[in-house]
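Please open the structure in your viewer and keep the selection panel at hand.

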Amino acid sequence: MEQTKHLQDTPKIVIVGHVDHGKSSLIGRLMYELDQVPEGKFEELKKVSEKRGMEFEFAFLLDALQVERDQGITVDTTQIFFRTKKRNYVFIDAPGHKEFIKNMITGAASADIAILIIDVDEGIKAQTKKHAYILKLLGIKRVITLFNKMDKVNYEENRYLFVKKKLYDYLLKIDVEGLYDIPISAKIGDNIVKKSKKTQWYDGKPLTDVLDNYNYSQNENKNYLRFPVQDIYKLSDKRIIVGRVESGKINIDDELLVLPSNERVKIKSFEEWPKSKKEYHTGECLGLTFSEQIFVDKGNMISHLKNPPKLMNTLEANLFWLSDKKMNLNKKYTLKVNTGEYSINIRKVNKIIDTENLESSNKKIPNKNDVCEVVIHSSQLIPIDDFNVSTKTARFCLLDENEIVSGGIASLKNYPDQKELTNNPNITPVNFNVSEVDRASRFNHRSGVIWMTGLSGAGKSTIAKEVEKKLFFKGFNVFILDGDNLRMGINKGLSFSPEDRTENIRRTAEVAKLFSDAGFIVIVSLISPYRSERKKARDIRPEYFREIYIKASLEECVKRDVKGLYAKAIKSEIKDFTGISSPYEAPTNPDLIIDTENENIEKSVLKLESYISSEFSIKNC
Amino acid sequence: MDSHLKKLENDSIYIFRQAYRSINNMAMLWSLGKDSNVMVWLAFKAFFGKIPFPLVHVDTKKKFKEMYEFRDRYEKEWNLNLIKGDCPPVNEIDPSLPPAARSAARKTEGLKKILKKYNFKGVVAGIRRDEQGTRAKERVFSPRDDTGKWDIKNQPPEFWDQSNFNYPEEVHIRIHPLLGWTEIDIWKYIKSQKIPIVDLYFSKKGKRYRSLGDKDITFPVKSKAKNIDQIIEELKTTKVSERSGRAMDHEQEDIFEKLRSTGYM
């Protein structure tokens, strides 16, 4: 098999611009001029247009959805393949309507180069600017600009120059380079494949010539090795670390650095089916095994010893916000960068950029489709790069429960690299003979703290017992720490006053930590009413901690009253009873919610069991 | 293998591993066609020679004899964990659909039955963008609700290889590792890896099948291509679309979208 340094010889080109400026029409026209419309398709589209009482529309080649054809707009992004005499291309059509920015980004994010199309008659519009700005955030800093609908302005050079000046002024301000500018008409076919006679004043090439002669393999990155760990497979007696080289190359003799653990390690073997090589380059997937057992997990980042990524807990970022829900500074989001996931919050919005005039907007909190600069904080250390050093390992998305709400790129210059700070020469960690990784490999799962919080009677203990049993018989090392039981031992003598409750939680969290150090999955079943205390418990080992909210309303728990405690509390026979005479602060962002009011016990148990199993298992394959 | 194929191969392996990591209980459709076999091959590559989840053949009982022979042979040879599912009779399918589409929709119902029975949360399907306009609009990881519905007006964002995997319990995810491949890529890859295929794809008496489906609604197209090299040459110049021999595609303008939005592959 040949060595491939650039796994890309089919360029991906995205077409962006304001709604109705001719993106889909341009691609349709190209397909037609290059004679690549399938047999019968032309006739079919004619019928489709007639049925809707429209003129023949090239855009229907791509706008395949009924909603798109009926409304005459592109809703979702599409990709179409075509070839010129010189090479193959993938064209990505992106919707121009502001409602569908998320689809535009979905399309544009994978492009090598962009074409920004503009209706010369209408001139620059809001989405022309917004799209250009988003391209920049996506790392596409070069564009080909097309001035479409020249037929509508009688092919007047002056009109073309006027619009071009305005557009280039804007591009210059946002640091996007306009490479070529071509006056075209997608509808008539001017300057698409052949030079048009109607634009004698234009001395450049038609679009396809420009595309064919462009050098797509430009890369401004430093090409340092970045290998994010995608997964760990256990295959007979091997522990195979799989992933993809995002940048640089990896050789069998290299010494590697694993982050965030900051451990050095040598490679024992490369793994590939049916046969492995000695060296892998950017874009290639591979498996590797290490010459010694060190702790590596999904989401870790592997690099060379020289020029590793930074290890950050605070960083700045440029974001585009995609969700209907406003950004919330009090909320926990999941940041996904390469194969890693981190719990973060947005500490501050530095500014919201009005893409129309490039000034700071006076809004405080970003809305849907806004672009902004923020400060992000994480309690875990995130191996990440600055966008100008390594594009692919600097871009991330933010998730809010089950929705991707944002995407962004990291800027690391204003906050310290924690790797340097944590290398304290005065602290020597104790080396145990049995390490965490040994335990995890023997038990086939990682350690974990499953923290179940909820009102008395919500079902914590019942679910915990069932889940423990199921996991145990599946071979998990699992153990329950139950609030009531602990109060007979280590927590004996603590009352239900706020101070004692805090101490109760602290002790329980420390015991849970010991169990997790021993390789166990500990299920903690504890009312733990205060958010701040649960956060402290999480902070002991955030990577292993999962907060599970066992949800049932107070009314429901009073109704259930299995232990008869609510009845006593209501009659004031028990003091400081959570929900009655003492507060319960429900989790704002638990890792999992189990709603015992609306789902039966079997379903609750199954849900938690499969959650734990998927979060902590080391999969065999 | 040229560098473009190498890139496609690596992209697909990444998708397989991402799916296996993120989805609890998944399976892969194996329709016995060329794309499906490429997919099995890629899964071997992703998981070092042994696929760690079941394959599913949704059997309409109307496939070509050659396809059944192929299935039985490679189920053993490749040591596959294969689930064979059946489909309801056509009279149980929405009568408002035109005949070929109605017949094809049996497969949708067969698939839904299996998903439910095994509680699969993810299923790998070998669709490609260049086959059909609505498939070109797909995501790599595409959610379907409990009725199999595809919400085409509101697909989740997907960029930089980041997708959402947190969906409500009743949702399953369609995984599309071949979305970026074209028909000619598939054939070049089959050639480079020597992947076995059903020989219905090769020309006999001046005709060959470009795409395989149920035998009563799938027709061969004119072709002289008798081997893989000739197929690749043919595809460089042909203007006949790949699915031109699939009757279900041509009954109504919106028929494929209708089928897909209710759960067809």
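The stops that follow go from domains to helices and then to the contacts between parts of a predicted model.

**Stop 1: the domains of chain A**

Begin by selecting chain A and colouring it by domain. The assignment divides this chain into domain 1 (12-213), domain 2 (227-304), domain 3 (310-422) and domain 4 (436-616). Now show domain 1 and domain 2 of chain A together: their C-alpha centres lie 42 Å apart.

**Stop 2: a pair of helices in chain A**

Next, select residues 126-137 of chain A, which form helix α5, and residues 157-173 of chain A, which form helix α6. The axes of these two helices come within 10 Å and cross at roughly 35°. The crossing of α5(A) past α6(A) is right-handed.

Which residues make this contact? On the side of α5(A), display A:Thr128, A:Lys129, A:Ala132 and A:Tyr133. On the side of α6(A), display A:Leu167, A:Tyr170 and A:Leu171. Of the residues in this contact, five are nonpolar, one is polar and one is charged.

**Stop 3: where chain A meets chain B**

Show both chains and select the residues at their interface. Here 84 residues of chain A are in contact with 60 residues of chain B. The two chains bury about 6100 Å² between them, and 55% of that area is on carbon and sulfur atoms.

Within chain A, highlight A:Phe81, A:Gln230 and A:Trp273. These supply 12% of the area that chain A buries against chain B, more than any other three residues.

How many salt bridges are there between chain A and chain B? The count is eight. For a salt bridge to inspect, select B:Arg139 and A:Asp76, whose side chains meet at 3.1 Å, N to O.

**Stop 4: the two domains of chain B**

The assignment gives domain 1 as 3-181 + 252-261 and domain 2 as 183-249. Between the C-alpha centres of these domains of chain B there are 20 Å.

Select the residues where the domains meet: 38 residues of domain 1 of chain B are in contact with 29 residues of domain 2 of chain B. Together the two domains bury about 2900 Å² between them, with 65% of it on carbon and sulfur atoms.

Five salt bridges are counted between domain 1 and domain 2 of chain B.

Notes: Residues are numbered from 1 along each chain as its sequence is written. Chains are lettered from A and ligands numbered from 1 in the order in which they are written. This is a predicted model: local features need pLDDT of at least 70, side-chain atom pairs count only at pLDDT 80 or more; totals for chains, interfaces and linings use all residues. Side-chain values use heavy atoms; hydrogens and water are left out. Axes are lines fitted to C-alpha atoms, for helices over the stretch in contact, and angles run from 0 to 180 degrees between N-to-C directions. Helices (H or I, at least four residues) and strands (E, at least two) are DSSP runs, numbered from the N terminus. A crossing is left-handed if the near helix is turned anticlockwise from the far one by less than a right angle, and right-handed if clockwise. Contact means heavy atoms within 4.5 Å. Ala, Val, Leu, Ile, Met, Phe, Trp, Tyr, Cys and Pro count as nonpolar, Asp, Glu, Lys and Arg as charged, and the others, Gly among them, as polar. Domain bounds come from an automatic or database domain assignment. Buried area is the accessible area (1.4 Å probe) that two parts lose on being put together, summed over both. A salt bridge is a side-chain nitrogen of Lys or Arg within 4 Å of a carboxyl oxygen of Asp or Glu.
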